[in-house]
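Colleague: Hi! I'm new to this one, could you walk me through it?
Modeller: Happy to, let me bring it up.

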Amino acid sequence: MGFSRNETMFWSEDQLDTNQTAEEPLGAEFAIVPVVFGCIFFLGVVGNSLVIVVIGRIKTRRSRSTTNIFILNLSIADLSFLLFCVPFQATIYSLPEWIFGAFLCKFVHYFLMVSMLVSIFTLVAMSVDRYIAVVLSKKSPCIRNRRNALLGVCIIWMLSFIFAVPVAQHQILTNHPHAPNSSFCWEIWTERVARHTYKVTILIIGYLLPLVLITCSYAKVLYHLHKKIKNISKKSEHSKRKTAQTVLLVVAAFLFCWMPHHIIAMWVEFGVFPLSDASFAFRITSHCLAYGNSCVNPILYAFLSENFRKACRQAFTCRLFYSPPPVKKIARIRMENFSTTPSTTNV
């Protein structure tokens, strides 16, 4: 399985073996990678688009709750991440050069970083929102309102745009002496220390710190529910167990989906990343897991919710097969959570 010249340089220009890659023909990745990425792309786009459509079609006042605003923002970020990442990344693996020009070289990689950070920051905001709703329930009405949620979304996007600026600055369309007629979209830094600093910063703000905040927030929620619901009915006990399972799924999905990506990033920056079939498979796997997180998020935060499934049937089935129910009937559907369980112990 050969490496394309474009993909080899994508990770680190210092590790390019030009004699090995300049004349090497395209391998099996030419066919396999687009198929795998295409499946992930299709599932993620359909899932996130469905969440956006369903939330957008529900016109009740409670449908604009803080949780729904964050879920809508998460779906928009995940959809953007898939649209701007998967198709172009597939060409990096499948084609020997970058064919989309200088503007897209900068814009695609810049917006890729932006949408990735927005998605991760939104996951953190949702975990904090759940913490406030459950643990600080008395203060919750003052904090968890539509204005604060929209303000939080604006801050998330603003921070993401700022943190991604170095990507646009250092992503350059260039060529190579061993392939003068080919164009490559490479991340080139003149100062190694600056590059190391930026990569470590992204590791901290885009993985380690969010992981700590998400874990701590949901741990506090579970602890609070455990104390509060000690002597309760079997139905509530089942709901509590379901909540705990969902929390573990949320944390595990974030942990394992993004871990290989950051392992490779740090390996490239501070070690010597090998160019072999095994490392190629590891990189493909890291990409698939990162993209897979954008496919899993709609399932964890929307489709597992009974409320969301009701809203989904309301938004589509009612309109397709029979007349919509009265407005009063729509208002009775609990849309305020769109979370993972139908009970008051939602997470």
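Modeller: We can go through the cysteines, the ring pairs, a helix and the core in turn.

Modeller: This is a predicted model, where local features need pLDDT of at least 70, side-chain atom pairs count only at pLDDT 80 or more, and totals for chains, interfaces and linings use all residues. Residues are numbered from 1 along each chain as its sequence is written, and side-chain values use heavy atoms, with hydrogens and water left out.

Colleague: Thanks! How many disulfides are there?
Modeller: The count is one disulfide, taking a disulfide as a pair of cysteine sulfur atoms within 2.5 Å. Cys105 is joined to Cys185, with 2.0 Å from S to S.

Colleague: And where do Cys105 and Cys185 sit in the chain?
Modeller: Cys105 is in helix 5 (residues 101–134) and Cys185 is in strand 2 (residues 179–187), so this pair links distant parts of the chain, 80 residues apart. Helices (H or I, at least four residues) and strands (E, at least two) are DSSP runs, numbered from the N terminus.

Colleague: Why is the disulfide called right-handed?
Modeller: Because the torsion about the S-S bond of Cys105 and Cys185 is about 90 degrees.

Colleague: Is Cys105 buried or exposed?
Modeller: Cys105 is buried, at 0% relative accessibility, and Cys185 is buried too, at 2%. Buried means under 20% relative accessible area, exposed over 50%, and partly exposed in between (1.4 Å probe, protein chains only). Cys216, at 44%, is partly exposed.

Colleague: What about Cys288?
Modeller: Cys288 is in no disulfide, and the nearest cysteine sulfur, that of Cys39, is 9.8 Å away. Cys288 is buried, with a relative accessible area of 17%.

Colleague: Switching topic: how many aromatic pairs does the structure hold?
Modeller: It holds 16 aromatic pairs. Rings of Phe, Tyr and Trp (its six-membered ring) pair if their centres lie within 6.5 Å; planes under 30 degrees apart count as stacked, over 60 as edge-to-face and the rest as tilted.

Colleague: What kind of pair do Phe84 and Phe107 make?
Modeller: An edge-to-face one, because their ring centres are 5.5 Å apart and their planes are at 70 degrees. Phe84 is in helix 4 (residues 66–94) and Phe107 in helix 5, 23 residues apart.

Colleague: Which pair is stacked?
Modeller: Tyr207 and Phe254 form a stacked pair, at 5.7 Å centre to centre with 20 degrees between the planes. Tyr207 lies in helix 9 (residues 192–228) and Phe254 in helix 10 (residues 234–270), so the pair ties together parts 47 residues apart in sequence.

Colleague: Now helix 11. Where is its kink?
Modeller: The kink in helix 11 is at Val296, shortly before the proline Pro298, and comes to about 30 degrees. That bend is the angle between axes fitted to the seven residues ending there and the seven starting there.

Colleague: Last topic: how many residues are in the largest nonpolar core?
Modeller: That core has 68 residues, and Phe37, Phe254 and Trp258 are among those with the most contacts inside it. A nonpolar core is a set of buried Ala, Val, Leu, Ile, Met, Phe, Trp, Tyr and Cys residues joined through side-chain atoms within 4.5 Å. Helix 5 gives the largest share of this core, 14 residues.

Colleague: And which residues does a second core include?
Modeller: The second, separate core has six residues, including Ile92, Trp98, Cys105 and Cys185.
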